Amino acid sequence: MFETAIRQMRMAMAMVWGRPINPRNVERLIADGLKTLDEFGSPGDDVQQLLEGPFSDPAARREFQDRSLQLTARRLQRHSPYYRQIFQQHHVAADALTVDTITAIPVTRKQDLQDHQAAFISDDSHPYLTTRTTGTTGHPAEIWLSRYEIELWPAIAALSGLLRGEIGPRDCMQINISSRATAATQQNMTVCRLVGARTRMLGVIPPAESLESLLTGGADAPTLLSTYPSYLAQLVKLTQERHLSHHDFHLRRVDCGGEPLSAALATAAHDMLGAPINDTFAMTEVLPVSGRVCRQGHVHHDLNMGLIEVLDLATGQPAASGALGSVVITPYYPYRECMPVLRYDTRDVVRRLPDTPLTCELAGIPATSSILGKADHLLHLPDAIVVPRDLVEILEALPSQPWPARFQAEVVGDHIALLVAPEVIAGVSCAEIERRFHQAGIPVVVTVHEYAADAGLVLRPLRADLRETTFAGRRN
């Protein structure tokens, strides 16, 4: 117990003062947690309180944020060629940077990473592993990671997951995310290794093969599933077609992210697979900052590891209460080392919540609405802005259960021209779909494309289409 307390103190001091966190020390804390779980059945709250941070107190939160920003900015000024130049151009004093003054620094965009990749790499770090964005929202960006980062991030994730009961040594995680998402797959597999869980790294293979894996029995039965909403939709549809039920699976948790998860799909997946469906937020460019979605649908970002801003889409200034805004994230040092970003504009649109106390189970951590879609995909009508989630929620709630919903939308005059795949209108008319949208205050004219699967027609990009083919099931 004394050694555990020393390890906790070392980690706490590193987090408070912004010093590099020893991944081996975090791994030893994981081992301590496993021993405690084995002996007492629960891990205790001391390390969990350390991971959550002092965010229920606004004054303590602001002091922590200002100190972390200044530490991060000082390092960028010394070691980041890109931000050194930005600070000079905008006369930024790293030692005086605060949450209130950070708006003097322009946001960083994906295009900046692509155009000036080498300048973003810190001159005191050694690039070790590269990871790329999936490319579903445009040309992929390449991010370099150091060995320190690829050891630290999964260690912290494993410790947090173990203490929250999200993963344990008896679990088996099936990973159905693109193998090109190197950082995410490496982190998931390392988390499993650190807590002693099994791993099934499958990638985005044909859904029938993944479903067979989920049906495995015995000690190798997957109990955790990590995937995308669109791929989860394909698994649910296949489960329905094969007349399976939750009795056929052994899952206790499903984590998915990267796309809007509709309420209809989440409910169906829970009923069919027999496990809670957890909507999550993560992004390659701002790792290891991530977010959890509470039962009320808010996104609670990990404020220990980064600063979260919500900027008005028109002015670029902090969004007003109830307004739409783009999520801008600054990962703190010492969590981000090799290719750090400052004020990275994710282009993920949320609505800033009213300035009233939250009542959800994560009320101590500030939050935004759920992710509503990408800023570049908003539909601007004369009197309203329609976000992609609005379309997904209505289409995936149709009796036809078109999971995942495939469509194309554009503004034509005073309405949205909505082109849908044939499966969307199975058993329902275009007029009925239009009526449902009008009830939600969205003027829509629906047409069907009979050849929606043709390569020449660009429908909604889905991560389930990042297919990794295999020879399984082929006949000679």
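Guide: Two strands pair if DSSP finds at least two bridges between them. Strands (E, at least two residues) and helices (H or I, at least four) are DSSP runs, numbered from the N terminus. This is a predicted model, where local features need pLDDT of at least 70, side-chain atom pairs count only at pLDDT 80 or more, and totals for chains, interfaces and linings use all residues. Residues are numbered from 1 along each chain as its sequence is written, and side-chain values use heavy atoms, with hydrogens and water left out.

Visitor: Which residue in E8 stands opposite Phe281?

Guide: E7 and strand E8 (residues 290–293) are antiparallel, with 3 bridges. In E8, the residue opposite Phe281 is Gly291.

Visitor: Which hand does the crossover from E6 to E7 have?

Guide: Strands E6 (residues 253–257) and E7 (residues 277–282) run parallel, joined by 4 bridges. Val254 faces Ile277 of E7. The chain passes from E6 through helix H12 (residues 263–273) to E7. With the strands pointing away from the viewer, a clockwise path from the first strand over the helix to the second counts as right-handed, and this β-α-β crossover is right-handed.

Visitor: Why is one side of E17 and of E19 left without a neighbour in the sheet?

Guide: An open sheet of 3 strands with mixed pairing has the order E17-E18-E19. Strand E17 (407–412) and strand E19 (444–448) each lack a neighbour on one side because they stand at the edges, each with a single partner strand.

Visitor: In E18, what is the bridge partner of Ala409?

Guide: E17 and E18 (residues 415–420) pair in the antiparallel sense over 6 bridges. Within E18, Ala409 has as its bridge partner Leu418.
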